[in-house]
Amino acid sequence: MSHRKRYARLPNRVTAVQINLDVVDFRYRKWGSAQSCKQGDWLVNNEGDVYTIEGNYFKKYYRQVGPGEYAKVGDVWAEIASDSGFIKTIEGKSAYTAGDYLVFDAAEGGDAYAVKKTKFEQMYSLLDD
């Protein structure tokens with residue numbers, strides 16, 4: 001793995017709705033693996049990419065900017081994957097390939113997810129080197 005660096009989310013908006021249903025078994029396949037969600041999580045549409053975000057994570061890192069629209073706030077720390085693999089996420093796990101970004105909510109690690117290189121570089125701006 002390469003050195004982890006700090007990035008800011010470029011301005012964007014996602015459409016989201018909280019899953020306020022008595023969910024028994026909400027599972028789906030995405031990012032090369034099974035994902036799951038529960039009551040209180042959020043169903044997000046990010047420019048056509050649809051997925052769920054765990055409720056506490058969404059509350060901490062997203063702010064409402066309009067009716068049903070939210071923007072991600074806070075910095076992330078990311079490193080470029082040197083090989084292929086899977087990374088554990090709150091919702092399950094995500095596959096990645098060499099060159100993709102492994103993204104964390106804190107400099108020392110924490111909640112993680114993988115983002116394809118091209119998409120990450122369109123969504124984030126380097127803050128420090």
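What follows is a working chat about the salt bridges in this predicted model.

Biologist: What kind of model is this, and how are residues numbered?
Modeller: It is a predicted model, where local features need pLDDT of at least 70 and side-chain atom pairs count only at pLDDT 80 or more, while totals for chains, interfaces and linings use all residues. Residues are numbered from 1 along each chain as its sequence is written, and side-chain values use heavy atoms, with hydrogens and water left out.

Biologist: How many salt bridges does the structure hold?
Modeller: There are ten, a salt bridge being a side-chain nitrogen of Lys or Arg within 4 Å of a carboxyl oxygen of Asp or Glu.

Biologist: Which residue does lysine 30 meet in a salt bridge?
Modeller: Lysine 30 pairs with aspartate 49 at 2.7 Å, N to O, and the pair links distant parts of the chain, with aspartate 49 in strand E6 (residues 49-53) and lysine 30 in strand E3 (residues 26-30), 19 residues apart. Strands (E, at least two residues) and helices (H or I, at least four) are DSSP runs, numbered from the N terminus.

Biologist: Is aspartate 49 buried or exposed?
Modeller: Aspartate 49 counts as buried, at 18% relative accessibility; buried means under 20% relative accessible area, exposed over 50%, and partly exposed in between, using a 1.4 Å probe and protein chains only.

Biologist: Which residues are linked with Asp49 in a network?
Modeller: Lys30 and Lys119 are linked with Asp49 in a network of salt bridges.

Biologist: Changing topic, what does lysine 38 pair with?
Modeller: Lysine 38 forms a salt bridge with glutamate 54, the closest N and O atoms being 3.4 Å apart. Lysine 38 is partly exposed at 43%, whereas glutamate 54 is buried at 13%.
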